[in-house]
Amino acid sequence: MPASFFEWVVFFAKKYGIFFLKGAGTTLYIALISTILGFLIGLAIAVIRTTPMDEHDSQAKKAFYKIVQAIFVAYIEIFRGTPMIVQSMVIYYGSAELWGLDMSPIVAALFIVSINTGAYMAEIARGGIISVDKGQYEAASSIGMTHRQIMISVVLPQAIRNILPSIGNEFVVNIKDTSVLNVISVTELFFMSKSAAGTYMRYFEVFFITCVIYFILTFTVTRLLLIVEKKMDGPDTFVIHGSQTVPSAVLKGTR
Amino acid sequence: MNTPIIKVSHLEKNFGENKVLVDIDFETYKGDVISIIGSSGSGKSTLLRCINLLEKPTSGSIYFHGQDIQEKGFSLQEYRARVGMVFQNFNLFNNLTVLDNCTVGQIKVNRKSKSEAEKFALEILNSVGMAQYIHAKPKQISGGQKQRVAIARALSMEPEVLLFDEPTSALDPEMVGEVLSVMRNLANSGLTLLVVTHEMAFARDVSNRVVFMDEGLIAEDSTPDIIFNNPKNQRTRIFLDRMLNQ
Ligand SMILES: Nc1ncnc2c1ncn2[C@@H]1O[C@H](COP(=O)(O)OP(=O)(O)OP(=O)(O)O)[C@@H](O)[C@H]1O
Ligand SMILES: [Mg+2]
């Protein structure tokens, strides 16, 4: 039996290395997929919520729009206002109880974290859309672009770029918060650690390793996202085009 | 008499209690270069913004070639493609390069192919002296250059009318000239221009008509010669004295 703290750490790293990696893999998998899905949910909601009503629209359409808005607000408030650990229990056991749904823990995990993230993302994305200068929208309108065209070509690219740090933040939060999913037996990093620690009753050493792994995950992700942001901003300088006399020749050089 | 390109009839615009446009009647014919002058808050920007429906008029009508632009079924997109606008703050699309700023409308609204759009955009950027900067993003160029690109973007739609809302007011003095010279060329090319401006020299020398606005009304609408040398309205005289003696 290992004697010191250090020996225990080496012992667990050797014996349970694969175990930890699998747990970390699951954690990253759930966090990544759910952040992406949550982003798409949030973006869709934000786009719908920021769509202006046309005065020519019928009363029925306006009423429908109001109801949809109310549903979105309820969704956002409920999921932001309750802990994800409780949401997990309610959704996982509730779906089994009420509809006899036998979700695998991992599917349940993806579902729960996605809609939880979606609630936060909806507000983040709405903020991103609203913060794009109104002049951008007006200029695009003034050359005849439709609302949809303006959103796709002008507003959303800028909004998404501006909220990228918040999206990254949600991703990091998700890496950490997937740990609560151990309550529904998802074999993510925390769950794996708990099993390993329980076998030998060595909680400190195991969770020390777990701690390091979580940090490596979040730190790497943060760095990667900074690179992505830089990439999205494009180069700091631009290429001057010398030839002004032969437009077609200039164009060939541009692509 | 031929029909005006744009005709504004009994136009009123209130922002809440604030009556900004009281009763505007106004016509623009092909080739007109009209300067709109008047003190701050007199409603000049609001008039331009109503003309392309960035602001919804409270009452009154606007006709484009005799067609009511507020009528149901009127294609606002098509209309706006025909009536371009240049803003005081440029409003170039920040996420797009200079070239893409001038192609996105052609491709999305006028349904041109990308290569066709780029070819035309380059021609126009060349004519405003910005062809060298096609790869630049808006934040990488100066104010005067931004405004020239904004003009090129509007021109890329091949509009019949261009609306300018104080196109040189946000510029450093040394950049005003380059933008005004582009506008002079446009005026000489026969394009119809409606220019809200504080540049009295432009109003006097380039336009064929000057409209003086005062408290939401058109107080005087005449030739530059009459407005500058022999205004009929006392308020026009006071305004011009102030402007020209700064
Ligand atoms: N969106 C708005 N909401 C409320 N009031 C507005 C709005 N836009 C303009 N106004 C008001 O309408 C009046 C006229 O504004 P407008 O911008 O048309 O004046 P202007 O003649 O263009 O002035 P300037 O020379 O300063 O640009 C001002 O009193 C302004 O406060
Ligand atoms: Mg103004």
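In the predicted model, a polar side-chain atom of B:S40 is placed 2.6 Å from an oxygen atom of ligand 1.

The shell around ligand 1 consists of 13 residues, of which B:S40, B:G41, B:K44, B:S45 and B:T46 come nearest. By class, nine residues of this shell are polar, two are nonpolar and two are charged. Two elements of chain B, β2 (18–28) and α1 (44–51), each give two or more residues to the shell. The largest share, three residues, is supplied by α1(B).

Helix packing was examined in chain A. Two packed helices are described by the angle between their axes and the distance between those axes. Helix α1 (residues 5–49) of chain A packs against helix α7 (residues 189–200) of chain A with the axes 8 Å apart and at an angle of about 155°. Angles over 145 degrees count as roughly antiparallel, and α1(A) and α7(A) are therefore roughly antiparallel to each other. The crossing in which α1(A) passes α7(A) is right-handed.

Helix α1(A) also packs with helix α8 (residues 203–233) of chain A; the two axes come within 9 Å and cross at roughly 45°. The crossing of α1(A) and α8(A) is right-handed.

A further pair in chain A is formed by helix α4 (residues 105–131) and helix α6 (residues 147–177), whose axes come within 8 Å and cross at roughly 135°. The arrangement of α4(A) relative to α6(A) is therefore oblique. As α4(A) passes α6(A), the crossing is right-handed.

Definitions and conventions: Residues are numbered from 1 along each chain as its sequence is written. Chains are lettered from A and ligands numbered from 1 in the order in which they are written. This is a predicted model: local features need pLDDT of at least 70, side-chain atom pairs count only at pLDDT 80 or more; totals for chains, interfaces and linings use all residues. Side-chain values use heavy atoms; hydrogens and water are left out. A residue is near a molecule or strand if one of its heavy atoms lies within 4 Å of it. A polar contact is a pair of N or O atoms within 3.5 Å; within protein, one must be able to donate a hydrogen and the other to accept it, and residues adjacent in sequence count only if both atoms are side-chain atoms. Helices (H or I, at least four residues) and strands (E, at least two) are DSSP runs, numbered from the N terminus. Ala, Val, Leu, Ile, Met, Phe, Trp, Tyr, Cys and Pro count as nonpolar, Asp, Glu, Lys and Arg as charged, and the others, Gly among them, as polar. Axes are lines fitted to C-alpha atoms, for helices over the stretch in contact, and angles run from 0 to 180 degrees between N-to-C directions. Angles under 35 degrees count as roughly parallel, over 145 as roughly antiparallel, 65 to 115 as roughly perpendicular and the rest as oblique. A crossing is left-handed if the near helix is turned anticlockwise from the far one by less than a right angle, and right-handed if clockwise.
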